[in-house]
Amino acid sequence: MTAASARGLKVHNAPSLTIEAQWNRPVRVKWINDLVDSNGRYLPHLLPIDPTLHWANPAGGTAERDGQPSSLEDPQPYTGPVPMVTHLHGAVGVGDESDGYPEAWYLPAATNIPAGYASTGTWYDFFAAKAASKLGVSWGPGFATFQYPNPDRARTEWYHDHTLGMTRANVYAGPAGFYLIRGGPSGDKAVLDTRSGTPAVLPGPAPKEGDAFPPRKEYGEIPLAIQDRAFNADGSLFYPDSREFFDGATAADPGFIPDTDLSPIWNPEFFGNTMMVNGNTWPFTTVRQRRYRFRMLNGCQSRFLILDFSGISGVEVWQIGNEGGFLPAPVNLTADHGNQLLLGLAERADLIVDFSGVPVGSHVLGNLGPDEPFGGGEPSEAFEVADPASTGQVMEFRVVPAVAPDPSTPPRFLQLPVIAPLPAATVTRQLALIERMSSSWDGPAQALLGTLGADGMPQEAMWADHVTENPTRGSTEVWEFYNFTADAHPVHVHEVAFEVVDRQALVTNEDGETEPPARLVGSPRAPEAWEAGVKDTVIAYPGEVTRVKASFLTAGRYVWHCHILEHEDNEMMRPCQIGPDQPGQPPDRHG
């Protein structure tokens, strides 16, 4: 995407550029897979790619693309051209041709694509034809053009790769960035100051087109993408090249596919040993003794964050928004939540942080989330917190004196835009979050989704199994996520913005996992204050059912999945068909 003028600032935030959109004004983006060298030859992936998963599999040709290879003898890491397809996370009203369906990937237009390779995914041609008919745009070798109508409430969205079976590696390598929607009836100008009834003043300014780079002005609104990474001694990105990294499984003991059910490279989770913000390790920013607006994103691989401001003396923190835009009312995290905020994978938080009372000097934003899978509970009680010398430090704020009075409205006086509730639901779906343990090793082989049978038993479903989630276009449904695993999972549903209804305990075994058949215990509990309003990702805790309500307004083929990237890449993702099948769409091969 290019700026509107040649002088426009191309990059505001790393790892990838930030796109700003206006409410209800369509944005068209040409996504180019340009992973080629100066001679037009494809560049192999920076990271080890496991070819034994159900994945894009370009080397399998048209017959075996988007599947597990038929020949798995002595599998070696994939070193061919890199497939990519971009998903705008949080967008609603987007046609399925522009959603970034995992089987709509495409290779770069390289001069040396090996003979017999599939250059596009199973759904690419269907969506290309639909984009031509609907949008009047052409797709071609190495690119696709998507259109985003932006009817959403003003909000913080983000884009990232969504290629089948290798999202974890592509996102880890860099392609991810913010997409901010501004304006409209739920935008900044709709926020009022309760003292006067006039429009409030939110902290700013934000970066905008035409700003110099490096900037010559101070920003008061800053997007912050938090990710965890690890590095080799030469500074290159480290990502495991063997399952041994996770739990010691090796080719010798117990062995890998095809001799066992363990993939040789895939790791069930990955936790980097370094925190990165906007592409920088050991990041810092200079702030004055005034209020700032931070748009926080948990862009980690598997890591839940518990942002801890309590080490910043005199700070005051309010949350005013989440994934779906402004909350119904500001939430005082300092007074009511111990200056802490839980942020699941892909969740966003729109914060106002007041440094007015913070002493001049350096102060660190901490992280109390674990360096391992998260199952809920309190830091230091239910789990050991992140290493305070590394992953327990998110970033440093270097506080300097204010040079002028702060014109922004104190958060306690903010009146946020009214949120219209969704219609009553007419359908309730009972869905299951499942972990399949290895038959050869004391560890997981796959993470899965499925449905809950009438007998309360979880019923597993693979990515290629027939579609079980098929809402009628225009309907409103409640989806119940029954978690049968020991871990919390951030569940993301494409194309919709939902309300978190409640959570309710289930009968558990001695390991804290839901004991089949699923049986409810006690009364439902309300969502957390920061989960009010509209969301697109929700934390489903172990031993509980989590309920959300959504309206399905745009027909087409979408997905829902766990947003622990390692999980979604190995079967914890399922297709969702809104409305009937479309004429000419690819058949479900295992339907």
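Student: Which residues line the second largest cavity?

Tutor: Keep in mind that this is a predicted model. The lining of that cavity is made up of Ala 154, Arg 155, Thr 156, Ile 181, Arg 182, Asp 188, Arg 293, Arg 295, Asn 322, Gly 325, Phe 326 and Asp 350. The cavity holds about 90 Å³ of space, and a search of the whole structure turns up eight cavities of 30 Å³ or more.

Student: Which strands each supply at least two residues of the lining?

Tutor: Look at β5 (155-161), β6 (176-182), β13 (291-298) and β16.

Student: And how many residues of each class does the lining have?

Tutor: Sorted by class, there are six charged, three polar and three nonpolar residues.

Student: Let's move to Glu 323. Where is its place?

Tutor: Find the loop between β15 (316-322) and β16 (325-332); Glu 323 is there.

Student: Is Glu 323 buried or exposed, and why?

Tutor: Buried means under 20% relative accessible area. Glu 323 counts as buried because its relative accessibility is 1%. As for its side chain, that reaches the backbone nitrogen of Thr 537 at 3.3 Å.

Student: What else does Glu 323 touch, leaving out residues up to four places away in sequence?

Tutor: Besides Thr 537, the contacts are Val 534, Lys 535 and Asp 536, then Ala 346, Glu 347 and Arg 348, plus Arg 155 and Thr 156.

Student: How about Gly 543, in which loop does that lie?

Tutor: Gly 543 lies between β29 (537-540) and β30 (544-552). With a relative accessible area of 6%, Gly 543 is buried. Compare sequence and space here: Ala 505 is 38 residues away along the chain, yet the C-alpha to C-alpha distance to Gly 543 is 6.1 Å. Ala 505 is also one of the residues that Gly 543 touches, and others include Asn 483, Gln 504, Leu 506 and Thr 514.

Student: Now a strand. How do I read the two faces of β14?

Tutor: In a regular strand, side chains alternate between the two faces of the sheet. Strand β14 (residues 305-308) has Leu 305 and Leu 307 on one side, with Ile 306 and Asp 308 on the other. These four are all buried, so both faces are covered.

Student: Which strands does β14 join by bridges?

Tutor: Four bridges join β14 to β17 (residues 340-343), and the two run antiparallel. Another two bridges join β14 to β19 (residues 361-367), again antiparallel.

Note on methods: Residues are numbered from 1 along each chain as its sequence is written. This is a predicted model: local features need pLDDT of at least 70, side-chain atom pairs count only at pLDDT 80 or more; totals for chains, interfaces and linings use all residues. Side-chain values use heavy atoms; hydrogens and water are left out. Buried means under 20% relative accessible area, exposed over 50%, partly exposed in between (1.4 Å probe, protein chains only). A polar contact is a pair of N or O atoms within 3.5 Å; within protein, one must be able to donate a hydrogen and the other to accept it, and residues adjacent in sequence count only if both atoms are side-chain atoms. Contact means heavy atoms within 4.5 Å. On a 1 Å grid over the protein atoms alone, a cavity is a set of points where a 1.4 Å probe fits but cannot get out, and a pocket is an open set with protein on both sides within 12 Å along at least five of seven lines; lining residues have an atom within 4 Å of a point. Grid points are joined across faces, edges and corners, and a volume is the space filled by probe spheres set on the points. Ala, Val, Leu, Ile, Met, Phe, Trp, Tyr, Cys and Pro count as nonpolar, Asp, Glu, Lys and Arg as charged, and the others, Gly among them, as polar. Two strands pair if DSSP finds at least two bridges between them.
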